[in-house]
Amino acid sequence: MRIRRLFRTRSLCIKYICGCLLLSKVYHFMIGFILGAVITQLFVGKVNDDFRWTTAREVNEEVTCDMQMNMSVRLDQMVTRLLPRLLNDDNARFMGDTSEVTSPFTTRLTLFQNAEKQATVKQGDFVHVVIETFDSNGRRRQSGGDFFFAVMSNSLMWKSTTGRVVDYHNGTYSVYFFAGWQGNAYVYVTLVHPAQAIRWIEHVYRPRGHSVNWVGIFHNHVGRETSMCYVTRGTQDNMCEYRNFNALGDTGPSKDATMTDSRATFILNNLPTCGPDIPMQLSDGWWESDSTWTSLVCKTKRWTIEQMQKCLTGKTVYILGDSTVRIWHETLTWLIGLKSAGDQIRRFWTSTEYNITLIFEFNAVITGTIPISFWNQKFEADMIDKIKHCNAIVVLSLTYHYASWTGRSYIERLLHVRDAVIRLVERCPDSMVVIKSSHPRDHPNSQSYIHSSDWTLFDMNRISRAIFAGIGVRFVDVWDMSLAHFSTNHVHPTDNVVRQQLDLFFSFSCPTYF
């Protein structure tokens with residue numbers, strides 16, 4: 001990877017400083033239009049009682065149907081009006097006939113029924129919802145690839161969970177929710193990106209690179225220049241290149257010149273201990289309240305401050321990543337009651353009483369408005385290679401600032417981090433590496449839906465799982481936890497969500513503390 005400057009210069013290739021984020025031209029291509037929510041209601045009964053599904057139409061036909069229809073019609077018209085102006089020849093082949101795109105106005109959401117034609121749900125069961133996609137002309141879609149968010153919740157009870165979407169690649173999808181409580185539940189399914197938009201992201205936007213630009217300030221003792229820089233791969237003539245082969249390989253900076261006891265106890269008591277390579281579950285868990293997440297992935301608990309201190313005693317924790325794990329550092333030091341030294345890029349805290357050291361270092365080559373000297377950035381692979389204290393925990397967050405990179409450059413960076421992790425484990429077998437996943441984020445403008453697409457972030461999680469599998473890495477997946485929470489999706493989640501993320505982290509870090 002290189003960060004390439006957009007015009008030639010002579011001898012001023014001395015220092016690279018990352019300045020404000022500037023976006024190159026992007027194409028909306030339907031991305032960023034959330035195409036409505038299909039809403040239905042159900043009632044979850046006790047284990048020993050049977051309850052039929054009650055749909056929202058049966059409960060309140062006029063209000064519910066009007067809400068759904070108005071939302072879908074408005075957004076359908078918006079997409080139809082804007083697409084001709086936003087698409088160009090390069091994108092048209094991925095779109096085809098715009099009327100064939102999945103439409104929320106005609107797409108159907110139904111509750112799966114058993115052989116007796118009864119959609120019976122009991123607490124502790126999995127709720128099965130079927131999505132049948134249609135285009136704006138009412139024609140059945142014959143292919144998959146659409147990207148949905150699915151949440152089942154009851155806002156009055158402060159309970160919610162995320163659904164696992166299964167794509168059958170024929171226009172039909174299944175969504176599975178864990179029924180973790182008794183009473184009413186509402187299912188919300190949102191079409192985030194249609195299949196054509198995802199193909200455009202994967203085959204046009206990301207591969208071309210040069211999607212996000214930085215302001216580069218280059219200076220020496222005789223002069224100073226400012227120009228645009230961007231990330232790319234390979235080598236070209238008349239360029240000043242800024243590389244780190246240990247961390248980036250051929251990618252680098254350059255410049256151009258409520259359950260009953262029986263079922264609940266059985267499910268929760270038979271969860272595995274948190275550790276590496278835990279398979280993906282049909283449900284990651286549910287929010288028992290606004291501040292309590294119940295995991296179905298592995299055994300977790302609510303950690304007290306004293307337990308956290310005991311878990312980390314004698315350890316050095318390296319938190320390497322973005323602002324979503326800087327919040328972990330801030331929250332941990334706040335919970336313990338001490339302030340850390342540092343700034344937004346790097347922070348340090350140590351406790352002589354418990355022999356705990358917490359170090360935060362921001363990702364190298366980031367998007368943002370904070371000026372950073374290229375030579376003072378610390379890459380994850382380099383920092384891992386320099387770890388000498390073998391009683392260490394390394395936390396990595398490697399997604400948000402790389403969503404605009406080409407897939408090849410992103411994978412190359414991860415592979416170099418993987419090699420560094422393997423070297424760490426070889427010299428320090430007792431060390432531990434934890435990877436925090438991304439989660440759905442806010443999108444303050446239309447460009448954000450593209451350069452920080454939720455689909456791209458979701459796919460990066462899958463890539464990370466695959467690359468770091470089999471080498472002892474713990475994967476703390478917080479996607480479902482964040483999506484299911486009642487707060488609005490945001491890159492920086494609420495305190496309640498962060499606290500539950502940390503409980504999950506500690507359950508992976510000290511699994512014997514149960």
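This is a predicted model: local features need pLDDT of at least 70, side-chain atom pairs count only at pLDDT 80 or more; totals for chains, interfaces and linings use all residues.
**Reading helix packing and loop residues**

User: Happy to. Where does N355 lie?

Analyst: N355 is in the loop that links β20 (346-351) to β21 (356-362). Its backbone deserves a look too: phi of N355 is near 55 degrees, a positive value in a residue other than glycine.

User: Which other residue has a positive phi, near 60 degrees?

Analyst: That is H169, again a residue other than glycine. H169 sits in the loop between β9 (164-167) and β10 (172-178).

User: Is H169 buried or exposed?

Analyst: The cut-off for exposed is over 50% relative accessible area. H169 is at 58%, so H169 counts as exposed.

User: Let's turn to a strand. Where is T294 placed, and how accessible is T294?

Analyst: T294 belongs to strand β17 (residues 292-295). Its relative accessible area is 17%, and T294 is therefore buried. If we set aside neighbours within four places in sequence, the contacts of T294 are L268, D284, G285, W286 and E288.

User: Now the helices. How do I read a pair of packed helices?

Analyst: You describe two packed helices by two quantities, the angle between their axes and the distance between those axes. Take α6 (residues 305-312) and α13 (residues 495-509): they pack at an angle of about 40 degrees, and their axes are 11 Å apart. The two helices, α6 and α13, are therefore oblique to each other, and their crossing is left-handed.

User: Which residues of α6 and α13 make the contact?

Analyst: On the α6 side they are M308, C311 and L312, and on the α13 side R499, D503, F506 and S509. Sorted by class, the contact of α6 with α13 has four nonpolar, one polar and two charged residues.

User: What are the angle and the axis distance for α9 and α11?

Analyst: α9 and α11 pack at about 35 degrees, with axes 10 Å apart. The crossing of α9 past α11 is right-handed.

User: How do I check the span of a helix such as α11?

Analyst: Compare an expected span with the distance between the end C-alpha atoms. At 1.5 Å a residue, the 14 residues of α11 should span 20 Å, and the ends are 20 Å apart, which agrees. For α9, 21 residues should span 30 Å, and the end C-alpha atoms are 31 Å apart, which agrees as well.

User: How many of the 14 residues of α11 are buried?

Analyst: Ten are buried, so α11 is largely enclosed by the rest of the structure. Among the buried residues of α11 are W455, L457, M460, I463 and I467. The elements covering them include β7 (147-154), β11 (183-193), α3 (195-208), α9 (407-427), β25 (474-476) and α12 (479-484). Helix α9 has buried residues as well, including Y410, L414, V417, V421 and L424.

User: At roughly what angle do α3 and α11 cross?

Analyst: They cross at roughly 80 degrees, with axes that come within 10 Å. So α3 and α11 are roughly perpendicular to each other. The contact joins I198, I201, E202 and R206 of α3 with W455, T456 and D459 of α11. By class, the residues of the contact of α3 with α11 divide into three nonpolar, one polar and three charged.

User: Let's finish with I198. Is I198 buried or exposed, and what is I198 in contact with?

Analyst: I198, found in helix α3, has a relative accessible area of 7%, so I198 is buried. Beyond neighbours within four places in sequence, I198 is in contact with G145, D146, F147, H193 and W455. The C-alpha atoms of I198 and D146 are separated by 7.6 Å, although the two residues are 52 residues apart along the chain.

How values were computed. Residues are numbered from 1 along each chain as its sequence is written. Side-chain values use heavy atoms; hydrogens and water are left out. Axes are lines fitted to C-alpha atoms, for helices over the stretch in contact, and angles run from 0 to 180 degrees between N-to-C directions. Helices (H or I, at least four residues) and strands (E, at least two) are DSSP runs, numbered from the N terminus. Angles under 35 degrees count as roughly parallel, over 145 as roughly antiparallel, 65 to 115 as roughly perpendicular and the rest as oblique. A crossing is left-handed if the near helix is turned anticlockwise from the far one by less than a right angle, and right-handed if clockwise. Contact means heavy atoms within 4.5 Å. Ala, Val, Leu, Ile, Met, Phe, Trp, Tyr, Cys and Pro count as nonpolar, Asp, Glu, Lys and Arg as charged, and the others, Gly among them, as polar. The expected span of a helix is 1.5 Å times one less than its number of residues. Buried means under 20% relative accessible area, exposed over 50%, partly exposed in between (1.4 Å probe, protein chains only).
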